[in-house]
Amino acid sequence: SSVVALPPLPPPGPGVRLTTPLVLLVALGMVFLGSLSPSAVAVTRLTRGQRPEAQIIRRLSTYTLAGATPKKVSTEEQTSSPLGNSQLSRSVVDLVGRMISRGGFEAWLTVRLERAAVPLRPAEWMTLDIASATGAGLFLLLLGGGRALPTTAGLLLGGAVPWVVLRVRIQRRRQAFQTALADTLQMLASALRAGHALSQALNSLIAESRPPVSSEMSRAVMESRLGEPIEDALDRIAQRMESRDFEWVVMAIRIQRQVGGNLAELLTTVSGTLRERDRLRRQVRSLSAEGRLSAWI
């Protein structure tokens, strides 16, 4: 009897090989979206008209509005967070808050968030940062086939992106404040020349200006209504915006309120000086653009 050799089985096709990784892709994609859900909720709530000046006015309305009666705030409202009011989100935020409360990191981060006008507490910001790092790490873990190097790169990249966004936001607000400073002083001098007091001139400036000038001046006015000297409130604006020019303006206002003088004329002179300095700064950057580009190359 003869033995018939059977042909070898064909290798599995591409569809068979991709069946398990495809399921893994869908599963890890769902985990990635789930890890980013706190960030999505926070962004949705932050972009729903919760501007910093609106929060300050709402928080201080009890002290500034005539005839307003204090309302009893529940514990859940006191601990409300843009990340959500669920027990899980509050527990995570409290845990992160206890972790960063050691040392001066929390105070340092609070200053940065105030400069960027981000209405988040340091614990909430760090929670979003951890969620971003975790989501990016899981995503690159999938793309890298479970290797450690892409996963580590994803963790680092996801954790660094929020800090880059925060730094860019701080620089943009600082630049916008510095650019509008000369016009702000001119508007303030015009209001003072019309016979208004400094507090009334600041109120008219808030109504006519745009953020970040309006939001920062509104905060200073609210602090002055609570008994803080207006010079100290304006000096804190200069510290938050890191504006040396506005520090000189506050110094001039402080000296004028102590010894007297024409504040409107003084602010007009300072405004003209700032415009000339800004024009000279732009001219220097234009003339040195080619040299700076050569240095970068």
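# Salt bridges, nonpolar cores and aromatic pairs

Arg279 is partly exposed, with a relative accessible area of 42%. Here buried means under 20% relative accessible area, exposed over 50% and partly exposed in between, with a 1.4 Å probe and protein chains only. The model is predicted: local features need pLDDT of at least 70 and side-chain atom pairs count only at pLDDT 80 or more, whereas totals for chains, interfaces and linings use all residues. Residues are numbered from 1 along each chain as its sequence is written, and side-chain values use heavy atoms, with hydrogens and water left out.

Arg279 forms a salt bridge with Glu276, and the closest N and O atoms of the two are 3.1 Å apart. A salt bridge is a side-chain nitrogen of Lys or Arg within 4 Å of a carboxyl oxygen of Asp or Glu. Glu276 is likewise partly exposed, at 45% relative accessible area. Both Arg279 and Glu276 belong to helix H15 (residues 263–287), where they are 3 residues apart, about one turn of the helix. Elsewhere, salt bridges with shared partners join Glu114, Arg219, Glu223, Glu228 and Arg236 into one network. Helices (H or I, at least four residues) and strands (E, at least two) are DSSP runs numbered from the N terminus.

The whole structure contains 17 salt bridges. In one of them, the side chains of Glu114 and Arg219 meet with an N to O distance of 3.5 Å. Glu114 lies in helix H7 (residues 105–116) and Arg219 in helix H12 (residues 213–225), so this pair ties together parts that are 105 residues apart in sequence. Glu114 is partly exposed at 30% relative accessible area, and Arg219 is partly exposed at 21%.

Another salt bridge brings together the side chains of Arg173 and Glu216, at 3.2 Å from N to O. This pair links distant parts of the chain, with Arg173 in helix H9 (residues 148–179) and Glu216 in helix H12, 43 residues apart. Arg173 counts as buried at 10% relative accessibility, and Glu216 is buried with a relative accessible area of 4%.

The discussion now turns to the nonpolar residues. A nonpolar core is a set of buried Ala, Val, Leu, Ile, Met, Phe, Trp, Tyr and Cys residues joined through side-chain atoms within 4.5 Å. The largest such core has 30 residues, and those with the most contacts inside it are Leu202, Met217, Leu234, Ile237, Phe246 and Leu267. At least two residues of this core come from each of helix H10 (181–193), helix H11 (198–208), H12, helix H13 (230–241), helix H14 (244–259) and H15. H10 gives the most, with 7 residues.

Leaving aside neighbours within four places in sequence, Met217 is in contact with Thr184, Leu202, Leu205, Ile206, Leu234, Ile237 and Phe246; contact means heavy atoms within 4.5 Å. A second, separate core of 14 residues includes Val96, Leu113, Leu120 and Ile170.

Aromatic rings complete the description. Rings of Phe, Tyr and Trp (its six-membered ring) pair if their centres lie within 6.5 Å; planes under 30 degrees apart count as stacked, over 60 as edge-to-face and the rest as tilted. By this rule there are 5 aromatic pairs. The rings of Trp125 and Trp163 have centres 6.0 Å apart and planes at 80 degrees, so the pair is edge-to-face. Trp125 lies in helix H8 (residues 122–143) and Trp163 in helix H9, so the pair ties together parts that are 38 residues apart in sequence. Trp125 counts as buried at 9% relative accessibility, whereas Trp163 counts as partly exposed at 24%. Together with Phe105 and Trp108, Trp125 and Trp163 form one aromatic cluster.
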